[in-house]
Amino acid sequence: MVIVMKPEATEEDIQRMVDKVEAAGLEAVLLRGEKRNVIAAIGDKREAAIDTLAAARGVERIIPILSPYKLASREVSPGVTPVRLNGEVVGDRKVQVIAGPCAVEDLDTTLDVAESVKEAGAVGLRGGAYKPRTSPHTFQGLQEKGLEILHRVGEHVGLATVTEVLSPEQVELVARYADVLQVGARNMQNFALLKALGAARKPVLLKRGISATVHELLLAAEYILKAGNDQVILCCRGIRTFEDHTRFTLSLGAVAYLKEVTHLPVIVDPSHATGRRSLVAPMAKAAVACGADGLLVEVHPQPERAKVDGQQTLTCEAFARMMDELRAVAEAVGRTI
Ligand code: PEP
Ligand code: MN
């Protein structure tokens with residue numbers, strides 16, 4: 001259940017409620033909001049405790065939450081929880097676009113793409129320094145050198161940097177360089193990593209696993225939230241189905257559904273979802289139309305020479321054109337870009 005405290009509840013009221021929840025044998029997780037604070041009471045003894053808790057001072061109402069993702073549920077927080085991207089926010093009216101190469105390759109290419117995507121309206125620069133490749137024989141990323149390049153370019157151009165972290169041991173190092181820590185699809189249920197990211201003081205971009213259900217995605221987010229980090233962005237990047245005309249299948253129904261059930265912002269990665277350059281802009285438009293809070297897009301000055309994922313990567317010019325086209329779509333659904 002979730003205990004919503006009144007706006008005027010004092011710190012003492014809140015602490016007393018936390019103590020009561022714990023005394024009832026439940027775990028109390030305090031979520032501080034801008035307007036009011038809520039306490040999630042987690043455990044099996046819900047019904048037993050409800051009456052005594054409801055009578056306490058400072059309590060506005062108690063909402064029994066039956067869904068297993070108690071902290072990610074929209075019932076906890078009716079609006080969208082804004083996730084900070086440097087000066088910008090994901091989860092507000094403006095659709096935020098993060099763009100860049102699949103992998104950081106060198107300083108000049110990264111700078112080139114960063115300047116172009118910034119000019120076209122992106123707020124974030126993506127680029128993998130540690131690449132989770134299907135084959136161990138392919139390019140694995142520039143590693144710490146890649147983090148340095150991404151950081152330098154992001155600062156120089158004025159873009160928030162987003163890069164993948166592969167293991168719990170890497171969290172501290174990657175967090176030193178990057179603004180947002182990405183959990184790749186193949187790591188969505190790496191629970192040790194999710195817990196470590198919960199303790200990190202940086203926003204997390206959590207990608208849906210290629211064969212994970214939406215329910216499992218929300219429970220993965222729950223690990224990060226429960227460990228104390230409410231800055232989580234969910235990312236739909238396509239799932240594996242029987243269909244093989246695209247690299248993966250982009251379920252936009254999942255995006256619309258997530259917008260109904262969770263307060264976490266939801267973004268879409270049309271690049272990995274389709275695996276085809278020509279389909280990136282159409283699916284980006286569809287994603288914005290169905291309520292996505294942002295996009296994650298692969299862009300490279302010369303996609304045919306990209307070390308990774310060139311076939312699904314837009315040129316800088318194609319990215320700028322897509323951004324122009326997206327403006328009309330965003331406006332049609334009451335948003336900006
Ligand atoms: C990526 O964003 O480059 C990436 C590896 O994505 P995913 O984990 O979705 O495959
Ligand atoms: Mn990629």
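Along the chain, the donors of the manganese ion, ligand 2, follow the spacing C-x169-H-x25-E-x10-D. A donor here is an N, O or S atom within 2.8 Å of the metal (3.2 Å for Na, K and Ca), and water is not among the atoms, so sites may look incomplete. The four are Cys102 through SG, His272 through NE2, Glu298 through OE and Asp309 through OD, at 2.0 to 2.3 Å. Cysteine 102 lies in the loop between strand 7 (96–100) and helix 3 (107–120), and aspartate 309 in the loop between strand 14 (294–298) and helix 11 (316–332), so the pair ties together parts 207 residues apart in sequence. Helices (H or I, at least four residues) and strands (E, at least two) are DSSP runs, numbered from the N terminus. Cysteine 102 and aspartate 309 are both buried, meaning under 20% relative accessible area, with exposed over 50% and partly exposed in between (1.4 Å probe, protein chains only).

A quick word on the basis: this is a predicted model, where local features need pLDDT of at least 70 and side-chain atom pairs count only at pLDDT 80 or more, while totals for chains, interfaces and linings use all residues. Residues are numbered from 1 along each chain as its sequence is written, chains are lettered from A and ligands numbered from 1 in the order in which they are written, and side-chain values use heavy atoms, leaving out hydrogens and water.

Now, strand 12. How many of the residues in strand 12 (residues 232–236) are buried? 5 of its 5. Val232, Leu234 and Cys236 point one way, Ile233 and Cys235 the other. In a regular strand, side chains alternate between the two faces of the sheet.

And its partners? Strand 11 (residues 204–207) pairs with strand 12 in the parallel sense over 4 bridges; pairing takes at least two DSSP bridges. Valine 204 stands opposite valine 232. Helix 7 (residues 214–226) carries the chain from strand 11 to strand 12 in a right-handed β-α-β crossover, that is, clockwise from the first strand over the helix to the second, with the strands pointing away from the viewer. Strand 12 also pairs in the parallel sense with strand 13 (residues 266–268), over 3 bridges, and leucine 234 has valine 266 as its bridge partner. That crossover, through helix 8 (residues 252–261), is right-handed too.

Last stop, glutamine 231, in the loop between helix 7 and strand 12. Glutamine 231 is buried, at 6% relative accessible area. Its side chain reaches the backbone oxygen of proline 82 at 3.1 Å.

Conventions. Polar contact = N/O pair within 3.5 Å; in protein donor to acceptor, adjacent residues only side chain to side chain.
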